[in-house]
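Let's walk through this one together, a feature at a time.

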Amino acid sequence: LADGPLKGRHILVTSGPTHEPIDPVRYIANRSSGAQGTALAAALRDLGAQVSFVTGPATVSPPDGVKVIKVETASEMLEAVQAALPADAAIFSAAVADWRVANAAEKKMKKDGTGNLPALDFAENPDILATVSQMKTGRPGLVVGFAAETHDVTRHATEKRARKGCDWIVANDVSPGTGIMGGTENAVTIIDAKGAESWERMSKAEVAQRLAARIARALSASGE
Ligand code: C5P
């Protein structure tokens with residue numbers, strides 16, 4: 001482990017999309033690459049943290065020097081997060097599917113040749129960020145969520161922070177035309193108890209380094 005301000009700290013990071021099965025060969029997914037979560041895990045490692053990296057099937061490879069826990073579904077991600085706790089801080093950068101298929105088939109679904117179409121029923125997935133934020137015992141000292149918004153970023157992110165019960169929300173504007181979703185740059189606003197702080201547009205690696213430094217300052221200020 002690197003020597004640095006996060007030496008001796010255990011930090012949990014979720015990253016990537018989740019895959020929600022329809023049948024053994026098909027699934028519902030989203031376009032998250034895992035780039036920002038991966039960069040963040042690497043930046044926390046570089047400051048000396050012991051990182052547990054719970055990742056869905058991302059397109060970006062996980063960083064070296066972290067404990068990688070691979071999952072597919074939101075339910076598996078929640079279980080892996082709970083198994084990885086306790087942690088000094090938990091950062092939820094995964095793009096977790098809001099819904100899973102409630103009637104997923106155990107065998108591959110087949111066309112029956114008569115033109116009958118399958119119907120999917122959905123069930124709501126657990127909200128991992130809200131679950132951990134609202135833990136009565138063993139809650140990490142710092143819980144950080146992400147928010148992808150297309151308009152009124154600060155207002156929506158402030159509401160999200162209150163609703164989930166996390167300490168910070170890292171909000172980004174993913175409007176079409178920003179090139180942020182799937183791109184290499186990010187422009188974020190950090191919402192905490194004191195208000196909103198907007199950072200200029202920079203690389204996802206630089207966002208990760210600045211966030212990791214802010215996390216290190218917060219943990220040393222909390223004096224735990
Ligand atoms: O509600 P929304 O999906 O916009 O919230 C985004 C934040 O919540 C992200 O930090 C994401 O990782 C987290 N989240 C979660 N579990 C879910 C849905 C979102 O941890 N089921």
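Q: Which strand pairs with β1 (residues 10-15), and in what sense?

A: In general, strands of a sheet pair through backbone hydrogen bonds, either parallel or antiparallel. Here, strand β1 (residues 10-15) and strand β4 (residues 50-55) pair in the parallel sense over six bridges. For instance, His10 has Gln50 in β4 as its bridge partner. Strands here are DSSP runs of E with at least two residues, helices are runs of H or I with at least four, and both are numbered from the N terminus. Two strands pair if DSSP finds at least two bridges between them. Keep in mind that this is a predicted model, where local features need pLDDT of at least 70 and side-chain atom pairs count only at pLDDT 80 or more, while totals for chains, interfaces and linings use all residues. Residue numbers start from 1 along each chain, as its sequence is written.

Q: In what order do the eight strands of the open sheet run?

A: The order is β5-β4-β1-β6-β9-β10-β12-β13, with mixed pairing. At the edges sit β5 (67-70) and β13 (195-198), each pairing on one side only. Ignoring direction, neighbouring strands of this sheet are turned by 20° against each other on average.

Q: Which strands does helix α2 (residues 74-84) lie across?

A: Helix α2 lies across β1, β4 and β5, and runs at about 165° to β4. Angles like this run from 0 to 180 degrees between N-to-C directions, and axes are lines fitted to C-alpha atoms, for helices over the stretch in contact. Helix α5 (residues 204-222) also packs on the sheet, touching β6 (89-92), β9, β10 (168-173) and β12 (188-192). The direction of α5 makes about 150° with that of β9.

Q: At what angle do α1 and α5 pack?

A: Two packed helices are described by the angle between their axes and the distance between the axes. Helix α1 (residues 35-46) and α5 pack at about 50°, with axes 8 Å apart. That makes α1 oblique to α5; oblique is what remains once angles under 35 degrees (roughly parallel), over 145 (roughly antiparallel) and 65 to 115 (roughly perpendicular) are set aside.

Notes
Two residues are in contact if their C-beta atoms, placed from the backbone, lie within 7 Å.
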